[in-house]
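This report looks at aromatic rings and at charged side chains. Please view the sequence and the structure together while reading.

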Amino acid sequence: SSLCGPSSAAMASLTPDHGEQLVKFAAEDGPLLEGLLHTTSTSDVAVVCLHPHPLMGGDMYSAVVGGVVKALGKLGITTLRFNFRGAGASQGMHTKGAKEPLDVAGAVAFLKQQVQAKRVLVMGYSFGAAMAAAYARQRPGDLDAVVAVAPPPTEDLTRVTKPMLVLAAEHDEVMPVDKVEEAAHKASAEFRIVPGADHMFYFGCHEVATAASEWVAGWASGGAKL
């Protein structure tokens, strides 16, 4: 069965299938955010999953994010996906990426407190990937690795110093693949192209979930490229 389903809040009805529970936690500067936490008993590794742009319909029920969460759960890896400030039932207002890294900081702190995660990886898709890179650049000591799916080729991305996997869509009409590849190489990241996919990953979502989860599992066991 596919790891990726429809992208909408209606998918909340599937939460029990994933073993996720609704949680609330504070962004570092105060707004209360809603998330879905899936805990496993076997892993000291936890992954924060960041959704695409909230002003373009992105939320934690994004099919790509949901697919990655499901794939990681099958591998026994704890996940937290959440709605950025101003999305869904999360408090606050969207700030075009200015304060969203504080949401990521709150999620990382919550994971470390709630499940005693010893190593935290941040995965993001599109806008979420930009926020993962921004957080990794601002707080390199607070996370251990990054997975960036269809990321903007930002200065932040080029300056990530942690182990990182960058996945690009072959036919991405939003993020130029050559620029993304160039940024990934500057960061000494592992770079892969998802064949046949565009930015929305209507095709290729399952491949993203599989590639991301397998890379995370390899990194967690010491086998991922650094």
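## Aromatic pairs

The model is predicted. It holds 5 aromatic pairs. One of them joins Phe84 and Phe127 in an edge-to-face arrangement, with 5.4 Å from centre to centre and 80 degrees between the planes. Phe84 sits in the loop between β4 (78–82) and α3 (100–114), while Phe127 belongs to helix α4 (residues 127–138), so this pair ties together parts that are 43 residues apart in sequence. Both Phe84 and Phe127 are buried.

Another edge-to-face pair consists of Tyr125 and Phe201, where the centres are 5.8 Å apart and the planes make 70 degrees. Because Tyr125 is in strand β5 (residues 119–125) and Phe201 is in the loop between β8 (190–194) and α7 (205–220), the pair ties together parts that are 76 residues apart in sequence. Tyr125 and Phe201 are each buried.

## A cluster and a charge over a ring

Phe84 and Phe127 also belong to one aromatic cluster, together with Phe25, Phe82 and Phe110.

Elsewhere, Arg119 lies over the face of Trp219, 5.1 Å from the ring centre.

## A buried glutamate

Glu100 is part of helix α3. Which side chain of opposite charge is nearest to Glu100? That side chain is Arg85, 4.9 Å away. A salt bridge needs a distance within 4 Å. Glu100 is buried but has no salt bridge.

With neighbours within four places in sequence left aside, the contacts of Glu100 include Phe84 and Phe127. Arg85, Met93, His94, Thr95 and Met131 are also in contact with Glu100.

Note on methods: Residues numbered from 1 in each chain as written. Heavy atoms only, no water. Phe/Tyr/Trp six-rings, centres within 6.5 Å; stacked < 30°, edge-to-face > 60°. Helix = DSSP H or I, 4+ residues; strand = E, 2+ residues; numbered from the N terminus. Buried < 20%, exposed > 50% of the residue type's maximum accessible area, 1.4 Å probe, protein only. Lys NZ or Arg CZ within 6 Å of the ring centre and 35° of its normal. Lys, Arg positive; Asp, Glu negative; His and termini not counted. Contact = heavy atoms within 4.5 Å.
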